Amino acid sequence: MTACAIEPAADPGNGGAPQAGCSITAEGAYAARLTRSGEDGEAWYPERWTLDGPEPYAVPLPGNQPEEPGTGVQPMGDGRVLVHRVAAGRHVFALLYPTGPGTGELPLGAVECPADGPGLRLLPPVPGGERAYALAAGPRSTVLWQVAGGAFGPERVAEIPGRCSGGVWLDRAGRMLAVDRETGGRTKAVVVDLERDGEVSPLLQIAPDSDDRLLLADPDSGLVLIGSDAPSPGRERIGWGVLGSTLPVRFPECLRLPDCVVTPFAVQPGQVLTPERCAVALRVDGSFGSWVGVWRPAERQVRHLPAPEGWLTGAGLWTPDGELRLPCSTPRSPCGVARLIAPEPRESGARDAGDGPFGDAEAPAEGETAADRTVAGETAPDGTGGPGAADPSGAVRSRPVPLQEAPLARLVTK
């Protein structure tokens, strides 16, 4: 028997970001993926990985018949796996679990969606792993569904005006959900409060005419990764900020990699008072394949690392002490985890001139910051120059755009 992962593709419901090779619970105990086996490699089935033991191991969860290639899977906090099947406009949900030699299945119900619509997609795993949610985007509004963890099957939680994509959890309780809402031709991140009947509040607006998406957030430190075309109209760049901070969003030059797609996929947790020291894992897709980037806001370079063999591309998690764990599958090791240690951030005395705690020599005046300098980076795996190699003159000035509307502090709950 052989096994292989689905080749990840871009997800139009998630801002066009590439899909990851598997889904991991917020606490990192379990992962799930859709894989296939058999001589012709056409028999698709869900597989659960246990990651919090001495050694990772996989449990196959084949049903009574093979799954379709597009079946969605998501691990729950208790080790069961949520499956999302689509048939004739009906989105059917069930929980799978091992039962000795077989697979048990608990049907949860279905959600009806128009067959010609964009459909319904699962949101990232909820902290705690007791619930699961999905978004059904329509032309004028988006419905948020709770598809697991409710008392009576799928439950309609809220209807959000506008077409929503993305999906990032802002707190450890799974109460505050950030989504990217498109209205009037512009996309802005908003927050949905699940304890207030889906009340929607604005989260991020860098400029009135910019598209501003939330890519990733760490509830411990408040560090957020943002995609916006505010500093470069018509071309999205990656920036960073801190929930509740009045400092402007920064758009480091080192995160601009020509001819590559950069996708943040994991933030180091536990750095409660030092968000600028959080290690961020980046998936970098270029013409020569995919590799891993490691970056910290306190530094001005991306460290490029070759992807481990069999990496379930785009999937991984950080431990609080700075170990990046990447799930991998090869014929010799069908269930494995590559462990990479993030280089320690440089001491403050060795940082670039002009770097303060948040990248500035001193607190910026409104609309003003110090120069956003670039440090020469390492050579990327495709042989091109690193992030700082493009400008021979030295410093690259890039004016970060201040937040105009970001009630982040009051939206973060303990």
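## Salt bridges across the structure

A salt bridge is a side-chain nitrogen of Lys or Arg within 4 Å of a carboxyl oxygen of Asp or Glu. By that rule, a search of the whole structure finds 21 salt bridges. The model is a predicted one.

Take Arg 172 and Asp 220. They form a salt bridge, with the closest N and O atoms 3.0 Å apart. The pair links distant parts of the chain, 48 residues apart. Arg 172 sits in the loop between strand S14 (163-169) and strand S15 (176-183). Asp 220 sits in the loop between S18 and strand S19 (223-228). Arg 172 is partly exposed, at 43% relative accessibility. Asp 220 is also partly exposed, at 26%.

## A salt-bridge network

Glu 195 and Arg 175 meet through their side chains in another salt bridge, at 3.6 Å from N to O. These two residues are 20 apart in the chain. Glu 195 belongs to the loop between strand S16 (186-193) and strand S17 (199-204). Arg 175 belongs to the loop between S14 and S15.

Arg 213 counts as buried, at 14% relative accessibility. Glu 236 counts as partly exposed, at 40%. Some salt bridges share partners: Arg 175, Asp 193, Glu 195, Arg 196 and Glu 199 are joined this way into one network.

Leu 214 is part of strand S18 (residues 212-217). Is Leu 214 buried or exposed? Leu 214 has a relative accessible area of 6%, so it is buried. The cut-off for buried is under 20%.

Which residues touch Leu 214, leaving aside neighbours within four places in sequence? They are Val 168, Leu 170, Ala 178, Asp 180, Ala 189, Leu 203, Val 224, Leu 225 and Ile 226. Gly 166 is 48 residues from Leu 214 in sequence, yet their C-alpha atoms are 7.6 Å apart in space.

S20 is mostly covered, with six of its six residues buried. In a regular strand the side chains alternate between the two faces of the sheet. Here both faces are covered. Arg 237, Gly 239 and Gly 241 are buried on one side. Ile 238, Trp 240 and Val 242 are buried on the other.

S20 pairs with S19 in the antiparallel sense, over six bridges. Across this pairing, Leu 223 stands opposite Val 242.

## A four-stranded sheet

Four strands form an open, antiparallel sheet in the order S10-S11-S12-S13. Its edge strands are S10 (120-122) and S13 (155-161), and each pairs on one side only. From one strand to the next, the twist averages 25°.

Within this sheet, strand S12 (residues 141-148) and S13 form an antiparallel pair over six bridges. Ser 141 has Pro 161 in S13 as its bridge partner.

## Aromatic pairs

The whole structure holds two aromatic pairs. Tyr 133 and Trp 169 make a tilted pair, 5.7 Å centre to centre, with 55° between the planes. Tyr 133 is in strand S11 (residues 132-137) and Trp 169 in strand S14, 36 residues apart. Both Tyr 133 and Trp 169 are buried.

Phe 265 and Trp 311 have ring centres 5.8 Å apart and planes at 45°, so this pair is tilted. Phe 265 lies in strand S21 (residues 261-267). Trp 311 lies in the loop between strand S24 (303-305) and strand S25 (317-318), 46 residues from Phe 265. Phe 265 is buried, at 14% relative accessibility. Trp 311 is buried too, with a relative accessible area of 8%.

## Confidence in the model

The protein averages a pLDDT of 81, and 77% of the residues score at least 70. Over residues 1-9 the pLDDT is below 50, and this stretch has 25 contacts beyond near neighbours in sequence.

Residues 348-414 also stay under 50. The model has 134 contacts for them beyond four places in sequence. Where pLDDT is low, the predicted coordinates should not be read in detail.

Technical notes: Residues numbered from 1 in each chain as written. Predicted model: local features only at pLDDT ≥ 70, side-chain atom pairs only at ≥ 80, totals over all residues. Heavy atoms only, no water. Pairing = 2+ DSSP bridges. Axes fitted to C-alpha atoms, helices over the stretch in contact; angles between N-to-C directions. pLDDT = per-residue confidence, 0-100. Contact = heavy atoms within 4.5 Å. Buried < 20%, exposed > 50% of the residue type's maximum accessible area, 1.4 Å probe, protein only. Phe/Tyr/Trp six-rings, centres within 6.5 Å; stacked < 30°, edge-to-face > 60°.
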